[in-house]
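Biologist: I have a model open and would like to go through it with you. Can we start with the place where the chains meet?

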Amino acid sequence: MQPATACASSGLTIPWLRRCSSLRVKCSTSQRAHCASTSTADTAEPIEPIEPIDPIETDPEPDPEPFKLKPLPYPFNALEPHMSKETVEYHWERHHRGHVDSLNAIIQGTEFAEMELENMVLTSYNEGNPLPFFVHASQVWNHDFFWETMKPGGGGNPSNVLKYLIERDFGSLDELAKEIQNAALTQFGSGWVWLAYKAHRLGVGNDINPRPSKKDKRLVVVKTPNAVSPLVWDYYPLLAIDVWEHAYYMDYENRRGDYVSVFLDKLISWDVVSDRLKNAMFRASKREKMEKREMLLDKMKEAKLRVKAVDLRPTPKARPKMKRRQY
Amino acid sequence: MVLQLVMAPNWCGCGVASANSTKISTNAFKMSSNRFNFSKPYPGRAYRVTAYYSLTTPPYELDALEPYMSKRTVEIHWGKHHNEHVERLNKHLKTSAFYGHTLEEMVKATYNNGSPLVEFNDSSSVWSHDFFWESMQPNGGSMPKGGVLDQIEKDFGTFTNFKDEFTFAALSIFGPGWVWLYLKKNERKLAVAPTQNAISPLVWGDIPIIGLDMWEHAYYLDYKDDRSAYVNNFLDHLVSWHSVMVRMMRAEAFVNLGKPKIPVA
């Protein structure tokens, strides 16, 4: 497409575009019209934006609420008697909403306001030196995840791939429950307990596994303090249990073990966990393929082969994302 | 009847008769005195006195802090959380190298300069909770008197300033933690600091004067998420300035707070 090539070949950062991409440029009709009208030859100086045709296309006022509090997938009293209405109401209305408001207050007007939540969690974690709004971003993400992990009339048994992986990596569902209990009871203070799909490597140059096997990609139970989540370790979380005291104190007082066992028996939605697992395995395998291809390309470049490298990296739109359930 | 030498009880229980010990027939020994029957159930075995920590009781009834801290909160906080820490600590002590340390020593030693050992969380929690119950009293709050007030005004400006700083520090904690009024040994002044999880000013060598538990279990049943109401009620109605005075008096043995008294020649 001629205008796209023009933009792509110059590789310039076009002011009105959200993302700079040297592969393909996502242009709207007005922008394409502009590109088509100017010369298609490479220009040295950046293209000046003309008066936009559509007034709505102008840079809007910074949104005072970049993130909205996501509504619960069920009414407040749906999880009775295992999690009381009061707990759910307070937890969502005061704690979750408080984090959303704090996050909005800090990031509004900054460049972070346009990021997706997951991206923001990773960026603000900053490799262990978190930025001030990390706790809020992470807690918003964690709580969204937590509410979706539960459903009224939950419990039962996992099925299919999830069941297979649980039995392969833990032995049985009971063993998994025991490990989760242990993690919950040994988490001193506040935090979260997760079942995560661990697929990726460490992300440092020399972490090549000399004997790769299928078991490298496995399920793990992890516990994290305060607001941290396994996203920062490059895991794919599958289920989350909030072991902050505000999540269970009104119903179970100090009996965290009882709360966790009721969660696993009566509240958890194995369907959601299975969906997430499927998604995680898909993303992990895609990522692995991409990395293998990149490694191969690098090797070939090193060997100075004249290769016409076709970039098959998916466009941002085509990249599979964790779907949020729309209710 | 043979006259008995009062034989010193063989506390070490080694059961080995020394060269100087008098051999006394069992019959005569028993008849001499029934009260001091030192016969050991397991002859030849050493006995070791063992001691563990136990749950100390708050110096007031469990419902004495109503309506600012409900009886239910105190019952669960003390009876379940504090108790759980004591039991876990004792379980650690069965196999720990820190058996025999006093609680303060154990807190400082197990903190290990920032890489806490496994006993730290429980020992520090036990110490901090003991401290916390003693920092409160029924009909507490209001103003401190005399020397304590002078010291606070010297270090914070005004008493209200101190309350504001204390409240601000308490609300700044994310997650579980404590907020402390403590005496800095090196700078010889009072200061306020928030800490995470179970850390207390003991670990960095200063002397705590007031400790307030900001873990959610301390206030959730009464105040839900309204932490400022909890802290304000603590400062206005619960804090025991009497304990503060006693602790300051003790602290003066370690820190010289007054102007140096140079004798006039």
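Biologist: How many residue pairs are in polar contact between chain A and chain B?
Modeller: Eight residue pairs, counting those with both residues at pLDDT 80 or more. Keep in mind that this is a predicted model.

Biologist: Which elements of chain A give two or more residues to the side that touches chain B?
Modeller: Helix H3 (85-107), helix H5 (134-149) and helix H8 (249-252) of chain A. H3(A) gives the most, with five residues.

Biologist: How do the residues on that side of chain A divide into nonpolar, polar and charged?
Modeller: Seven are nonpolar, eight are polar and four are charged.

Biologist: How many salt bridges are there between chain A and chain B?
Modeller: Four. One of them pairs Asp225(B) with Arg94(A), where the closest N and O atoms are 3.5 Å apart.

Biologist: And what area do the two chains bury between them?
Modeller: About 2,000 Å², with 59% of it on carbon and sulfur atoms. On the chain A side, Phe188(A), Glu245(A) and Tyr249(A) lose the most area to chain B, together 37% of what that side buries.

Biologist: New topic. What is chain A built from?
Modeller: Ten helices and three strands. The order from the N terminus is α-α-α-α-α-α-α-β-β-β-α-α-α. Chain A has 327 residues, and 40% of them count as buried.

Biologist: Which residue forms a salt bridge with Glu148(A)?
Modeller: Arg276(A), at 3.7 Å from N to O. Glu148(A) is in helix H5 and Arg276(A) is in helix H10 (residues 270-302), so the pair ties together parts of chain A that are 128 residues apart in sequence.

Biologist: Are those two buried or exposed?
Modeller: Glu148(A) is buried, with a relative accessible area of 15%. Arg276(A) is buried too, at 6%.

Biologist: What about the salt bridge between Lys71(B) and Glu75(B), how far apart are the closest N and O atoms?
Modeller: They are 3.4 Å apart. Lys71(B) and Glu75(B) are four residues apart in helix H2 (residues 71-93) of chain B, so about one helical turn separates them. Lys71(B) is partly exposed at 35% relative accessible area, and Glu75(B) is partly exposed at 36%.

Biologist: Last one. Which feature does UniProt place at residues 145-245 of chain B?
Modeller: An unreviewed UniProt entry lists "domain: Manganese/iron superoxide dismutase C-terminal" there. In the model, that span is 49% helix and 23% strand, and its end C-alpha atoms lie 9 Å apart.

Key: Residues are numbered from 1 along each chain as its sequence is written. Chains are lettered from A and ligands numbered from 1 in the order in which they are written. This is a predicted model: local features need pLDDT of at least 70, side-chain atom pairs count only at pLDDT 80 or more; totals for chains, interfaces and linings use all residues. Side-chain values use heavy atoms; hydrogens and water are left out. Buried area is the accessible area (1.4 Å probe) that two parts lose on being put together, summed over both. A salt bridge is a side-chain nitrogen of Lys or Arg within 4 Å of a carboxyl oxygen of Asp or Glu. A polar contact is a pair of N or O atoms within 3.5 Å; within protein, one must be able to donate a hydrogen and the other to accept it, and residues adjacent in sequence count only if both atoms are side-chain atoms. Ala, Val, Leu, Ile, Met, Phe, Trp, Tyr, Cys and Pro count as nonpolar, Asp, Glu, Lys and Arg as charged, and the others, Gly among them, as polar. UniProt positions are given in the numbering used here, feature names are shortened, and annotations may be inferred rather than shown by experiment. Buried means under 20% relative accessible area, exposed over 50%, partly exposed in between (1.4 Å probe, protein chains only).
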